[in-house]
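Hello,

Here is the structure I promised to pass on to you. Please have a look at it, and then read my notes below.

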Amino acid sequence: MEKVDLYKVLEISKEASQDEIRRSYRRLARKFHPDANPGDKKAEERFKEIQHAYEVLSNPEKRREYDEGPRTFFGSQGAGRPGGAGFEDISDLLGGFGNLGDIFGRTATTTQRTQTRGENVTVNVRLSFKDALNGVTTRVGVPVEEGCGQCGGTGAAPGTSPQTCPECGGRGVQSRDQGFFALSTPCSRCGGEGRIIEKPCSVCGGQGRVRKNRQVKVRIPAGARDGMKVRIPGRGSAGRQGGPAGDLYVVTRVEQHPVFRRRGDDFVVEVPVSFVEAVLGAQIEVPRPGGGTVKVRLPAGTQDGKQFRVRGAGAPKAKTDGGEKGDLIVRVGLVVPKKLKRREREILEALAEERDEDVREDLFKKVGT
Ligand SMILES: [Zn+2]
Ligand SMILES: [Zn+2]
């Protein structure tokens, strides 16, 4: 038996997302579907391979096992087996082909209905200002539903297995004739599952899944922002009946800094400037978000609220994982002294006489008085 590269079969890269896997699978399955290639044995073989590859790679758990190897995932083994994982969208895919033929077997529709994707799970991760700035690898507790180890996810007590519901024959629905209409209602015996469990597993109570607090390692990129949402595919709750796992969303909650305010990739800092510095101009030292200081040159006659931009002294851009940085915006906060020494007062009084200016002249002009 020859080992087959499942990624090659689906014509995708090892890093392909679930979306890419699905898209490629749909494209290839359409092309090689037996209904589209009547009597073509090669196409049929290829179709089986494609199905098998999709079955493994579309299931994050199986995919991980396959990636980690060395396990015996062989090209032809299990191919075309009905009831495998990952067929949730097969009816949609084959909509244009009419009869599915024997390829999927009779249980295909049942399988497709009872397989459910696991729930997406969202967790918050609290970060200090410093960790958000520098990036950090941290562990978060994620409350998830995991496949039950006792029953292997079937929900049936060890040694037993779920049975096809005798009431609905596994279809999950009951039809009643109401004159001209045929009404379909969920099966009362199995609740629409299509299967019944005679002896439920004692650990999960027949659910096939158990609640766990899973520790997940999350790498937060440098420059993470408050409210940033990171998606980790396949790390949410386990699917039901072999359905794919949901996704994990990690939302960053960054502690507020008493001085630096985030604005996009920039930081804004309000810096007190004395009225003498503002009038005469000065070189001042300003703290940087990551530690240390940066010098800023204020020109003579700097106004209150004036902003200066220090390029590259802001937050690392999370998208570039810290490769590029935003700016530090220095906002001038004019400080007017509340008390003066006698000598200072004399100087300022002399200055007032000297300048003899009317700063409100313009204002009254505009009002039209
Ligand atoms: Zn039933
Ligand atoms: Zn169980």
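At 15% relative accessibility, Pro 244 counts as buried (buried is under 20% relative accessible area, exposed over 50% and partly exposed in between, with a 1.4 Å probe and protein chains only). Pro 244 sits in the loop that runs between β8 (229–232) and β9 (248–254); helices (H or I, at least four residues) and strands (E, at least two) are DSSP runs, numbered from the N terminus. Apart from neighbours within four places in sequence, Pro 244 is in contact with Ser 58, Pro 60, Thr 116, Arg 117, Gly 118 and Gly 239, where contact means heavy atoms within 4.5 Å.

Before I go on, a word on conventions. This is a predicted model, in which local features need pLDDT of at least 70 and side-chain atom pairs count only at pLDDT 80 or more, while totals for chains, interfaces and linings use all residues. Residues are numbered from 1 along each chain as its sequence is written, chains are lettered from A and ligands numbered from 1 in the order in which they are written, and side-chain values use heavy atoms, with hydrogens and water left out.

As for the protein as a whole, it has 10 helices and 15 strands. Of its 369 residues, 39% are buried. Among contacts between residues at least 6 apart in sequence, 65% join residues at least 24 apart.

Now to the zinc sites. Which residues coordinate the zinc ion (ligand 1)? They are Cys 165, Cys 168, Cys 187 and Cys 190, each through SG, at 2.2 to 2.3 Å. Donors here are N, O and S atoms within 2.8 Å of the metal (3.2 Å for Na, K and Ca), and water is not among the atoms, so sites may look incomplete. The four donor atoms around the zinc ion (ligand 1) subtend angles of 103 to 115°, so the arrangement is tetrahedral (four donors count as tetrahedral if all angles lie between 85 and 135 degrees). Along the chain, the donors of this zinc ion (ligand 1) follow the spacing C-x2-C-x18-C-x2-C. Cys 165 belongs to the loop between β3 (163–164) and β4 (173–178), and Cys 187 to the loop between β5 (181–186) and β6 (195–196), so this pair ties together parts that are 22 residues apart in sequence. Both Cys 165 and Cys 187 are buried.

The zinc ion (ligand 2) is coordinated by the SG atoms of Cys 148, Cys 151, Cys 201 and Cys 204, at 2.3 Å. Its four donor atoms subtend angles of 104 to 115°, which makes the arrangement tetrahedral. The donor residues of the zinc ion (ligand 2) are spaced C-x2-C-x49-C-x2-C in sequence. Cys 151 lies in the loop between β2 (136–147) and β3, and Cys 204 in the loop between β6 and β7 (209–220), so the pair ties together parts that are 53 residues apart in sequence. Cys 151 is buried, with a relative accessible area of 10%, and Cys 204 is buried at 9%.

On to the helix packing. Helix α2 (residues 18–32) and helix α3 (residues 41–57) pack at an angle of about 165°, with their axes 9 Å apart; axes are lines fitted to C-alpha atoms, for helices over the stretch in contact, and angles run from 0 to 180 degrees between N-to-C directions. That makes α2 roughly antiparallel to α3 (under 35 degrees counts as roughly parallel, over 145 as roughly antiparallel, 65 to 115 as roughly perpendicular and the rest as oblique). Residues of α2 that meet α3 include Ile 21, Tyr 25, Leu 28 and Phe 32, and among those on the α3 side are Phe 47, Ile 50 and Tyr 54. The axes of α3 and helix α4 (residues 60–68) come within 6 Å and cross at roughly 100°, so α3 and α4 are roughly perpendicular to each other.

Last, Lys 217 is in strand β7 and is exposed, with a relative accessible area of 59%. Setting aside neighbours within four places in sequence, Lys 217 is in contact with Thr 137, Thr 138 and Arg 139.

Best wishes

Methods
Four donors count as tetrahedral if all angles lie between 85 and 135 degrees; four count as square planar and six as octahedral if opposite donors are over 155 degrees apart and all others between 65 and 115; anything else is irregular.
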